[in-house]
Amino acid sequence: MKTVVASVILVLLGIGSAAYITEGFEVVTSEQARRLDISRRQPVVPDVRLIDQSGHAHRFGEWVQEQNKFVIVDFIYTNCQLLCRALGSEFQQLQRNIIERGLQSRVHLLSISFDPEHDSYAVLGKYADHLLADPDVWTFATVDKASELDVLLQTFGVTVIPDQQGGFQHNAALIRVSPTGKLLRVTNYDSGDQLQFLNELAGSN
């Protein structure tokens, strides 16, 4: 009997520990934990200085509020050969849907490079042209000062690790920002969630 009771206690302790580690079984990985934390806290975008593909400077927080739109953000670098291409394809699809549904006044796309040393505004401009980005719908930018990059990545939950071959390993997600500058939701780039969001916006017109 004592053995059975001890076994039950150990099982309950194990379940309790698992619930604590996974925040009540809501998350399994550290990536999911970051995303859940952002959705719960809804941090404000840091007021770092961004340079867009036309060479214009913007304070991130001020720019979002001036746009007065939802902004869907991804993080890329132009020399990326795999993941960033998938992100670019996803944004091309979102851009197409935004234009077709007449949502230009309500949603904007923003691709931020975390490689300011290479991705100057001129490089970003060529990259935007290659992806057929409409500047009225889709902006490319990078930080003006590399020293401001860390706070930007930390706020958005983006992990970037140099791969020692001139590139980077990084997580990929689409982050929805409110017109007031709060981070609302983080989703997989291929989940279809942001496209569903556009459908909902179009239906509310």
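1. Confidence first: this is a predicted model, and the protein chain averages a pLDDT of 86. At least 70 is the score reached by 86% of the residues.

2. Now for a pair of helices. Helix α4 covers residues 83–100 and helix α7 covers residues 193–203. Their axes come within 10 Å and cross at roughly 5 degrees. Angles under 35 degrees count as roughly parallel, so α4 and α7 are roughly parallel to each other.

3. Which residues in α4 and α7 meet? From α4 come Q93, L94, N97 and I98; from α7, look for Q194, L195 and L198. By class, this contact of α4 with α7 has four nonpolar and three polar residues, with no charged ones.

4. On to the inside spaces. You'll find three cavities of 30 Å³ or more in the structure, and the largest cavity has a volume of about 90 Å³. It is lined by 14 residues, and the closest to its centre are F156, G157, V158, N171 and A173.

5. Which helix gives the most to the lining of the largest cavity? That is helix α2, residues 30–41, with four residues. Sorted by class, the lining of the largest cavity has nine nonpolar, two polar and three charged residues. So charged residues do turn up in this lining, while the contact of α4 with α7 has none.

Key:
Residues numbered from 1 in each chain as written. Predicted model: local features only at pLDDT ≥ 70, side-chain atom pairs only at ≥ 80, totals over all residues. Heavy atoms only, no water. Axes fitted to C-alpha atoms, helices over the stretch in contact; angles between N-to-C directions. Helix = DSSP H or I, 4+ residues; strand = E, 2+ residues; numbered from the N terminus. Parallel < 35°, antiparallel > 145°, perpendicular 65-115°, else oblique. Contact = heavy atoms within 4.5 Å. 1 Å grid on protein atoms, 1.4 Å probe; cavity = no way out; pocket = protein on both sides within 12 Å on 5 of 7 lines; lining within 4 Å. Points joined across faces, edges and corners; volume = space filled by probe spheres on them. pLDDT = per-residue confidence, 0-100.
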